[in-house]
Amino acid sequence: MKRGLAAMAAIVCGAAVLSGCSSLGVKPWQRDVLSRQDMLLNAKSIDDAIDDHVYFSKEASSGGRSFAGGGCGCN
Amino acid sequence: MQLKPDAASVRRRLIAASCTLLTASAARGQEISKLLTEVENTDWHLDSALAYYHEDGRVMAIEPLVNLSREYSDGETLGLNFTFDSLSGSSPNGALPSRAAQTFAGPSAKSLSSARRLYTTDPGQLPADPHYSDQRVALGADWQLPLDRLTRANLGGKLSYEDDFLSASLNASIERDFNQKNTTLSFGVNDENDLLHPIGGAPLPGSDYLLFEKSGHKSKNGVGALLGATQVMNRRWLTELNLSVDRFTGYLNDPYKIISVIDGSGATNGYVYESRPDERSRRSAYLENRVGWDQASAALSLRYMTDDWGVHSETAQLRTRLWFGHKSHYLEPTLRWYRQTAAEFYRPWISSSAGQSTSYASSDARLGAFRALTYGIKYGMQLDQRTGRTGSEFSIRAEYYQQTADSRVGGPGALQGLDLYPALKAVLVQLGFSY
């Protein structure tokens, strides 16, 4: 039940984001904060790479932010 | 990231551009402008780290990483990364603690009597191979190519090598901006092929440990797809939603993991190698929100994952960056919470008297039910003014990770009172340098 709700919440959030796209967003000259390095969603951070490798080798789940798998025989 | 080339290079190119400017016709002005743009964008950016990882009473690892990236004037970007891992220490072999001492052979053994290396675990202790050692080298490359003003293609590959494991993966994705670049949709696929050549051979799943039924190489293959959407909500807030699926097939066992066979009195009667299904399909939903203020930013990510082995997991992570001194320094505290349920075939031991089916069984604690907490802090110092390059930084990071087992089933008879589910505690210390 709880898992179903979590999945449902994710889908609803996603649908809300996509359906509201036209009324959301900023003009090109309003991207001062969004262009900062600490606001880049797809930054291939070396910290994330190290953390993902530790969690991949110690837990049964991996991926989500990017492709799963670790190219490692440790799990 | 825009980078500044060295002064001599700039001077040479500017002189050349100036000469050209003086002699060229007006029609060539556009070409000169292109050259100047190229001058600004042709340097490599270095991102490097040295990580030290230590588990309490188990393994330790040292891991240097180097990422190089370069942005070209036509918008293409190339990323290259190199990783080296060196691990050593004690690695749990999957057997339970016992009231009696337990003796095991190293993985290269063909029989217990002829083994070159034996190790003995004291009564009450978790059996672990004390001579575990492994080195890994990984190389990766990513290339992003603009297809038009709003569409980009990404191609990537990774090669990872260990003494007993070789992995090669390729990925490709396409992404397109909409709504004045406030919305981005992406779709990607990934293919991974792994070759396992365990030390001493790959054991026959479920076979008796003492029979040493092992054979050469094994393989596994994984394919995955990821659908992503990012949306700028307002000037300070953006969000990302990823939905992904993947499927792995082949030899999915850990070739070094065994399971204790326990009788009704709690005594260990023997061991068998673990046996996992040869297919696994996973699905996940990942949601991340980033919010930025003038002197701070926060990233909250949530992930739900489920697979057909019966593992369900939830992850929540909050990372906050606090800037100081006109953004010349920052502190970044991190908190991560994780919980997973056990795989359907997870068994801490196999009961010989109850006649349990051993079709699929694994005592690997990573497939058991547990929760984990990570606390971390990072300090970063911007070096842009000292190096003259944008994005230069020195950082130091420390994290503490602890796993605690859920759903602890007590052992029969003599196993009562023994710690069958010891917590995993680990620290990570990392030095970082970007230039």
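User: Why is B:Lys327 called partly exposed?

Analyst: B:Lys327 has 13 C-beta neighbours inside 10 Å, so it counts as partly exposed, given that a residue is buried if 20 or more other C-beta atoms, placed from the backbone, lie within 10 Å of its own, exposed if 12 or fewer, and partly exposed in between. B:Lys327 sits in the loop between β18 and β19 of chain B, and its C-alpha atom is separated by 41 Å from that of B:Arg366, which is 39 residues away along the chain. The model is predicted, with local features needing pLDDT of at least 70 and side-chain atom pairs pLDDT 80 or more, while totals for chains, interfaces and linings use all residues. Residues are numbered from 1 along each chain as its sequence is written, and chains are lettered from A and ligands numbered from 1 in the order in which they are written.

User: How do you know which strands pair with β19 of chain B?

Analyst: Strands (DSSP runs of E, at least two residues, numbered from the N terminus, as are helices, which are runs of H or I of at least four) pair if DSSP finds at least two bridges between them. Strand β18 (residues 312-324) and strand β19 (residues 329-340) of chain B are joined by 10 bridges and run antiparallel, and β19(B) is also joined by 12 bridges to strand β21 (residues 370-382), again antiparallel, so both meet the definition. B:Leu318 has B:Leu335 in β19(B) as its bridge partner, and B:Tyr338 stands opposite B:Ala372 in β21(B). Four residues lie between the strands in the hairpin of β18(B) and β19(B), where B:Gly325 takes a positive phi near 50°.

User: What makes the span of α2(A) agree with that of a helix?

Analyst: The expected span is 1.5 Å times one less than the number of residues, so the 13 residues of α2(A) should span 18 Å, and its end C-alpha atoms, at 19 Å apart, agree with this. Among the residues of α2(A) that are buried are A:Ile46, A:Ala49, A:Ile50, A:His53 and A:Val54. The buried residues of this helix pack against β1, β2, β22 (393-405) and β23 of chain B.

User: What makes a set of residues a nonpolar core, and which residues touch the most other members of the largest one?

Analyst: A nonpolar core is a set of buried Ala, Val, Leu, Ile, Met, Phe, Trp, Tyr and Cys residues joined through C-beta atoms within 7 Å. In the largest, of 19 residues, A:Ile50 and B:Tyr53 touch the most other members. At least two residues each come from α2 (46-58) of chain A and from β1 (44-55), β2 (59-71), β21 and β23 (424-434) of chain B, with α2(A) giving the most, six residues. Contact means that C-beta atoms, placed from the backbone, lie within 7 Å, and B:Tyr53 has such contacts beyond four places in sequence with A:Val54, B:Met60, B:Ala61, B:Glu63, B:Ala426 and B:Leu428. Another core, of 14 residues, lies apart and includes B:Tyr209 and B:Trp349.

User: How many residues of chain B touch chain A?

Analyst: In chain B, 72 residues are in contact with 40 residues of chain A, and strand β12 (residues 218-234) gives the most to that side of chain B, with nine.

Technical notes: Two residues are in contact if their C-beta atoms, placed from the backbone, lie within 7 Å.
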